[in-house]
Amino acid sequence: MAAEGHLEAFHGLLTAMLSTENEQRSAAEKQYEEIPQAQKPTLLFQIYRLPGVAEEHRSLALVLLRRLLSSSWEEIVPHWGNENLAQFCNELISAAQTEASENVRKKLTDLISEVARNRIDDNTGAQTWGEIAQFIHHCSEADNVSLKQMALSIIEDVPNVLGNDTQSCVGGLKSLFEKCLQDASPAVRSSALKAYVSFIIECDDDDKTVKTLGTLAPIIIKVCEHVVNTEEEDDTPLQCLADLATSLPKVLQPHLSAVISLCSSTIQNKEKDESYRHSAMEVITSLCENASNMVKKRAANHIPEMLTCCLLMMTELEDDISEWLAVDDVEAEDVDEEETVAVGESSLDRIACALNGKVIVPIFLQIVNQLLHDDDWKKRHAGLMGLSTIGEGCQRTMEPTIADVVKTIVPYLNDPHPRVRYAACNALGQMSSDFAPTLQKRCHEVVVPALLNTLRETSIPRVSAHAGAALVNFSEDCPKHIISAYLDALMHALEGVLEATYQKLMTDGKKLILEQIITTIASVADASQELFVKFYDRLIGPLKFILKECPENFKILRGKTIECISLIGLAVGKDKFAKDAGEVMNALGPSMETLTPDDPQCSYFISSWTRICKVLGPAFAEYLPMVMPPIIRAAQYSPDVAVLDDDELPGDDPDWSFHPVGEKKNFGIRTSGIEEKATACEMIVCYARELKEAFVPYVEEISKLMIEHLKFFFHEGVRQSAAETFPYLLACVKTQGGVPAMRSLWVEYWKHLKDAIKQEVETEVTSEFINAVGECIEELGAEGLTEEELKEIGQMMGDEMSSYESRRVEREEAEADEDADPEEAREELDEEAEIESGILARISDVIHAGFKTIGAPFFHVVDPLMPHFFPLIDVRRSYTDRQWGICVLDDLVEFAPEFALKYHAQLSQLLLQSLGDEFPEVRQAAAYGFGAMALNNHPSWHPIAFAALPALSSMINRTDARSTEESTVATENAISSVAKIIRNCSNGQNVDQVLSSFVHWLPVTEDVEESVHVYGFLADLLELQNPHIIGDNGSNCPKILNILVKAIHNDVFEKKDEALAVKQRLVLIVKSMKVNDEVFMQLLNNAHLDDAEKVTLQNILNC
């Protein structure tokens, strides 16, 4: 074909690539891919330069050429030679100055930027395209607006376009930015701001350049003010300001008040376009997140204003609530159609997390109090939603007064407006999660009856359903003794609503409340466990009926029903559930054969099979041929991925997720199927754990799959499950094959796992990887591990500790801020360290597993790591560092007491001072250590433990000893340690004063593991009629009765022989106290038992 004909044919090919016909377009794209790479650039550029070619064809040619050079520069351009490359670059510059089409000119500018980026020498950093600097200067000086925008766009796309000459050109670039930021054209000003922000962020580590360019901040603010006031351009300037607030907030520091005032006034002007207001909110939120100290110190007076802006946006609800009322889909309940409301809520959450509760809560509660008493329902709604939003960020500050906050919310369950009632349900539900289990313990008498009343009133389905959802949250972390007190009332209400709403489904096709009620029943069953058995027979029939008879298109309802049945089965146990479990599994058989990962029922079914597996145990093995094929299909799912240019991005496609990766490129992954894959992997973990040797037929296939999944970087949960599975796979083969079978799996797994640990970047995943090592140690035992492997495990822990320390230093350097309040800076570091603490926790678990499995000789693996652990306990370190550092010392004392004597002076001093730590988690770890000294068999530790009694007593007597859940557990641990020490280490020494206090420290109701020691010791003392416990003339007897009944009522004993024996001793002691009815009634009247505890007492006396 002649050259002209060849070009004409290529033009026809491009035309076909733009076809709206899928087949024609696909065929053309395939033909294009078959053209040799070396020929494409010339053909594409010729099409662009060819006279008479349509604009869309010229644009496509430039787009394809840019993509080609971006992906294959090293393969294509070196073959051109310097002369041809120079000619090509000159033609680009020439074309740029004459191009008439705005659309084509943008594509040409992108191409010039791509060439300029690639012509920077990788080795020297020099820009080898000398003419590009001249071109940028020429365009910026031109009168033509389009040329100015072209120059600025190149700087925006390639901020290092001048290569290693950049620093010497900062002065000139500053003048360029200054001139263009004040240009008469709004478009040029906007382009200049984008270029400026891109450039200064590129130079963020060059303080001199940042300082030089930072002087332009007032002009930037004026550009933003102008665009907001005139709306001549879109919100791009405000987006740039948000980028600056995120990446280089210090540039805005001298002008912080002006920036916040501009943004606040924009947000509060409801006449402004939403895009301006949303971007202004993003500026404020970004400043709070990335310069919290600066905001708290230099803009504290603006904090009420910022919170008000968030809440104002949250009031912008639709007056017409007919669509809101018509929603009939539980899964859509969190989708809010009012975008501005969502922006305000999200921003409030982020600001609360950034600035912390001490700053936020007092101001916020004052603002919210005004909103809650406003006649406008939208303001009341915003106030309630605000309370539910700030909980995560303000948890520590709000928890001590959570009862007062709850009492403020509850009355709004009776508000005249349904959306306000909904918001009150939402607040109680969210807070039940954020403040669990403190809220459940302190507020149950108010919350449960109020939510039940709201649930029963089904005239507004969304409100009734949301009350059910709030009860789910309340139940999830509710102690069993509390949920049991409401069980009859809960189930009476739920069963009544279940029956009524099923009829509603049959008559009107409305399913919203029914779906939620089924979920709520499941949650109550899960919380009450075996106590739920009394409701089983009444519920299982209707639930099976719904599962079998509801129309096929109600997939979510079927999914929630099987979920509910499985949770009820898990609660009541195998004896009660086994028959129905088989019936349910067989009924679902046909559905399982065709179940695909994207079926809405899939995740419900897979999770439910897992629960049924937990109930049936090995008996579930007969269903594996039925359930494993769809689970393995889901677990093997491999998502589609793509790398697309900005101009190729699709619209809002829920099946795809795209993330920018720089240079106008975006990495995309097809997300549909991934969550199902993650769920399937979680289920495999469960089957391996529950079925053990019955799972052996699948071990080989699953082990290969999970090794691959250790590096499945598209989903953290998949990688976590991959690690979690292997200890259970070892247990599967252990019974039949012993150590050799386990080692055949372990050797291959360890090879890949240690590599995955090195490459993993997500802290939570790394923590799970390390945890898997500890669990594998326990399965393999001392005989299953070689000396070399133990050495490698020690090396792995050392490497992770070094990495942890490096990240800690980086965090502290990042927080080193002149604006930082020392106390607040420490709190922020503690919060960040808490996120990272999973690493330390899991390393501690590995050490614990090593000592439990291998015994004292494991000290030789740990000893080289001690230089990492002792510094953790420094009072200047985060509380999580101190907590986990002490846990390692506890293990030394407990499992290797003789070897640990090497560190006895340092160790005992650190534990003693930690008993007075402000954080209960640290106090608990230290208290446990002294208890471990008392229980170990090495007498050298006993005097050290005994000497700690005064400090332990002081810890127990703190004014905040039981102010939070964590404080209570720490205090009870200290009480247990006192019991252990007096029991084992007193050696005739006087402990009368401690014994006199002991009874007044009780009851212990939270720390189940320690209760056996506390109540075993108390039983010893009571059986011996110890006068310090009984009190003068039996003065302590009412208190003792209260303690014993509470211990039994709250079921604080583990289901182990030793604990159950202690419980039985307490029962006998209680019964022995009733020697005379009249005396006992007097005793009972002074014992201050509530009604539920009196029932427990009666049961004790009758047994």
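**Exercise 1. Locate the domain that UniProt lists, and describe how residues 28–114 are built in this model.**

Solution. The unreviewed UniProt entry assigns "domain: Importin N-terminal" to residues 28–114. In the structure, which is a predicted model, this span is 79% helix and 0% strand.

**Exercise 2. State how many helices and strands the chain contains, and decide how its radius of gyration stands against the globule rule.**

Solution. The chain holds 56 helices and 3 strands. For 1103 residues the globule rule gives 32 Å, and the radius of gyration of the chain is 34 Å, which is close to that value, so the chain is as compact as a globular protein of that length. The extent of the C-alpha trace along the principal axes is about 115 × 75 × 70 Å.

**Exercise 3. Work out the relative direction of helix 23 and helix 24, and then characterise their contact.**

Solution. Begin with the geometry: helix 23 covers residues 402–409 and helix 24 covers residues 418–434, and their axes come within 10 Å while crossing at roughly 160°. Because angles over 145 degrees count as roughly antiparallel, helix 23 is roughly antiparallel to helix 24. The crossing of helix 23 past helix 24 is left-handed. Next, take the residues that meet: helix 23 contributes Ile402, Val405, Val406 and Ile409, and helix 24 contributes Ala424, Ala427, Leu428 and Met431. Sorted by class, the residues of this contact are 8 nonpolar, with no polar and no charged ones.

**Exercise 4. Apply the reasoning to helix 37 and helix 38: what is their relative direction, and how do the contact residues divide?**

Solution. Helix 37 (residues 716–759) packs with helix 38 (residues 763–780) at an angle of about 10°, and the axes are 7 Å apart. Since angles under 35 degrees count as roughly parallel, helix 37 is roughly parallel to helix 38. The residues of this contact comprise 19 nonpolar, 1 polar and 9 charged.

Key: Residues numbered from 1 in each chain as written. Predicted model: local features only at pLDDT ≥ 70, side-chain atom pairs only at ≥ 80, totals over all residues. Heavy atoms only, no water. UniProt positions renumbered as here; feature names shortened; annotations may be inferred. Helix = DSSP H or I, 4+ residues; strand = E, 2+ residues; numbered from the N terminus. Axes fitted to C-alpha atoms, helices over the stretch in contact; angles between N-to-C directions. Parallel < 35°, antiparallel > 145°, perpendicular 65-115°, else oblique. Left-handed = near helix turned anticlockwise from the far one by under 90°. Contact = heavy atoms within 4.5 Å. Nonpolar A, V, L, I, M, F, W, Y, C, P; charged D, E, K, R; others polar. Rg over C-alpha atoms; globule rule 2.2 N^0.38 Å.
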